[in-house]
Amino acid sequence: MTRHGRSIRPLTGVLLAATVTACSSRGHAQTTLPQADSLAQSGEYEAAITAYRRVVARDGAWEAVLGLARTYQAVGRYDEAVTALESAIADSVPGSHQLWNSLGGEFLRLGKDSAAQAAFERAIATDARDRLSARLNLAVLSFERGRVDDAMRQFDAFIDVYNRGGAKTAADLAAVADAVRYLGRTNPQLYKDALLAYDEAIRADPDNLDIQTRLGSLFLEKYVGDEATTTFSGVLERNPNHAGALLGLARVQHFDGSSEAFQQVQKSLSINPNLAEARAFLARLYLDLEDYEAAAGQAEQVLAVNPRNGEALAMLAAARFLADNPAGFATARDSALGINPTDAGFFITLSEISARNRLYQRAVDFADRAVELDSLAWRAHALRGLNRLRTGAIPQGRADLETAFAGDPYDLWTKNTLDLLDVVERYTEVGSPRFTFVLDPKEAGLIRLYLEPLAEEAYDRLAARYGIQVPAPIRVEVYPRHADFSVRTIGLAGLGALGVSFGPVIAMDAPSARPPGGFHWGATFWHELAHTFHMAASGYRVPRWFTEGLAVFEERRARPGWGDDVTPGFLIAYRQGRLAPVSNLNQGFMRPAYPQQVIHSYYQSSLVFELIEQDYGFEAIRRMLEAYRDGADTPSIFRSVLDIEPEALDSKFNAYLETRFAGALASLSHAEAREGDGARPRTRDLARRAQSDTTDFVAQLGLGRALFAEGNLDEALPPLLRAKALFPEYLGNDSPRWLLGQIYRSQGQLDRAAAELADLTTRNAKHYPALLALAEIEATRGNLEPAARALESLMYVYPYAMEHHGRLAGLSTRLGNHETALRERHAVVALEPVDRPQALYELARAYQRVGNLDAARRTVLRALEEAPNYQDALDLLVELRTARGSGAS
């Protein structure tokens, strides 16, 4: 641990985790102090309270009073803790001066700052054994009330205490660790010494689970999620009712994107319903769900106990801000700043929550305010930088991140993003009228051929549908490594999404980021640009369920076969009652109850817009976006725009599903009982099921697939045909149409094969093998136009197969579609063929066919530079010179 060149001598290395000993055995609860301690240590709090009371009544020992107060505190009974401590002090119980620091802590939990300060000072003045903890508490109180310079001087003194050997107990060592943690804002290397001090404290008292929980929070603060999980889990192995450790695990789960955080924090609150940090965290989760009243309710519960709790005031302010309640926001803000005029953390919280609610410019503004209040608030610099990047202010964002990283090099999000910016600096920027495309130079020449015209078309069509013009240029970043896209989005690898829109900036996977056929990148771009329009139309206040569903809806309007369609799993989930109601669809995205619910919620919400457009017209959707912009919430929008109560819309939507998918739902009537049977049934068992019920889609498809896999193609036809008739909307990779198309092709029935595959790909344009097979079959049959259409669709799924571009160029030339042929010849050159002179020659011919003789001449000269004796190129050059001489243009 260093300060001004000095170091704490006994700490010689950095340990990444504290030593946690195994839980010692205990006997039955008794009226002895050790047994009361054991009960409290294992989380049997009510029994511990009874035991401590007996010991206090019998012996009056201050240690028992302290244990009783700490147990009251563990279950949120702060007033009773105060009463116990004050009574012992008032009665002059021997050793009662040892209780002042704990009494100060209880006063703090109740928002009684002056009383807390006086109690801490009494602990120091009476030379209590935890006087060093009292000194720490005074310093923290100073810091949290805006006296930062004074607090930092107090924290700094702890290094001297340690170096003089003044930290003797586990509590003393933990106080040193906490102090050094605060000092880390000016010297981040001190975080390492904080880890060491926590470790030494845990070695001194392995039974002090609170210290271990503080260590876990440091790991989480520095993004070491695995170590945090290990530490919190170790605490809970010994005390499954430790509210702080339960909260710590909830925070790790939230950090990891798990919906289990909600249940975990509620476990914490079931132990201590007054744990301010847990209630504030639950408020944050409600804000993620866009349930602003529930979030405000949680914050208000904290403030009812402690009206000076800064974290709760920040959550209340965020809830009021997001609910478009400026007066309520101002009241909460003024209260927070009245308590701590330099409370950067208040605005950091607002910045974080604004970003999670897609209000990226407001996130920048709040972070900027935090930096104004505290220039050493490195998290504020990082948030300002990350959100500037999201709004397209790239140089300014990078500068902020550099500042943040210099102040806190343990911030993994900042480091990862800076590393990514180093990569993106090498990218190529390509402009079109309303877009700037940021592309890997290895792919730029290929991707821009398709992305530029698609983007401009999408902009025109979406602008016409929504009646707005989104400010240009829109920045589109395309990443060939999915990990890079993930870092651009959330600062860490591991994001499952394909694209993201921040409004003026779109980031997405390149088609090369996934295996061939892994996703439809054209539809992904259209989806993300739709988000840009939705955010602009709603003033960035559109809920997640609304914009996601509407974007999938727009995918399906973009091209035939784009966008997701219905699956058996979705309909089975509906039948089981597992889908979220329309009136609470955000729940399906933000707090999924089963693994596939997020995916199902995308499709479900898109169907909501099919229903709205069908019954109310598209204009109603535009009016709903405008209502969000004006600050209305979803229930009131249902009432004002659709003239329907939310619960009635739930029923209306269910009726729509029942009608739209009546046949498919009937064919899945037995699927629920058979779902998750484990091992794949044998063919004869499938045959028995299929024969016993010809209306069972799952049985018919299962039998057809099994027979197909065994090569019994003739026998596979009847069940596959029945499956197709039962559930014609099913278009997955194992759909009846795909299997039927392959069977017909193998039998030489190319007309039937083409019909099945054309039907499939018209509805599912991301089925890569079906598109490829259809192109080959139609070309064989001499049907050039449908063959070209299939290859054209293929390019928006996976455009890296050179032979497909060559075939499409040839077909387009024969069809007289010379502009398409020109694009495809460019694509071949961009893919760096082995015979580059030949590719350049073909490109020159394509230029010639569209009448651009100057470009044709330049291109054929490039071919001749690489192959001077290439006869076809020489002949073309002569043709071009002759044409030029004759005056042709």
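Which residue in S4 is the bridge partner of Thr428? Leu439 is. Before going on, a word on the source: this is a predicted model, where local features need pLDDT of at least 70, side-chain atom pairs count only at pLDDT 80 or more, and totals for chains, interfaces and linings use all residues. Residues are numbered from 1 along each chain as its sequence is written, and side-chain values use heavy atoms, with hydrogens and water left out.

Now the strands, which are DSSP runs of E with at least two residues, numbered from the N terminus, as are helices, runs of H or I with at least four. S3 and S4 form a hairpin, with 2 residues between them. S4 covers residues 435-439, runs antiparallel to S3 and is joined to S3 by 5 bridges. Two strands count as a pair if DSSP finds at least two bridges between them. Ser432 has Phe435 in S4 as its bridge partner.

The open sheet has 5 strands in the order S3-S4-S5-S7-S6, and the pairing is mixed. S3 (428-432) and S6 (499-501) are at the edges with a single partner strand each, so one side of each has no neighbour in the sheet.

Next, helix H37, residues 697-709, which includes Gln700. Is Gln700 buried or exposed? Gln700 counts as buried because its relative accessibility is 0%; buried means under 20% relative accessible area, exposed over 50%, and partly exposed in between, with a 1.4 Å probe and protein chains only. Leaving aside neighbours within four places in sequence, Gln700 has contacts (heavy atoms within 4.5 Å) that include Ala690, Arg722 and Pro719. Pro719 is 19 residues from Gln700 along the chain, and their C-alpha atoms are 4.8 Å apart.
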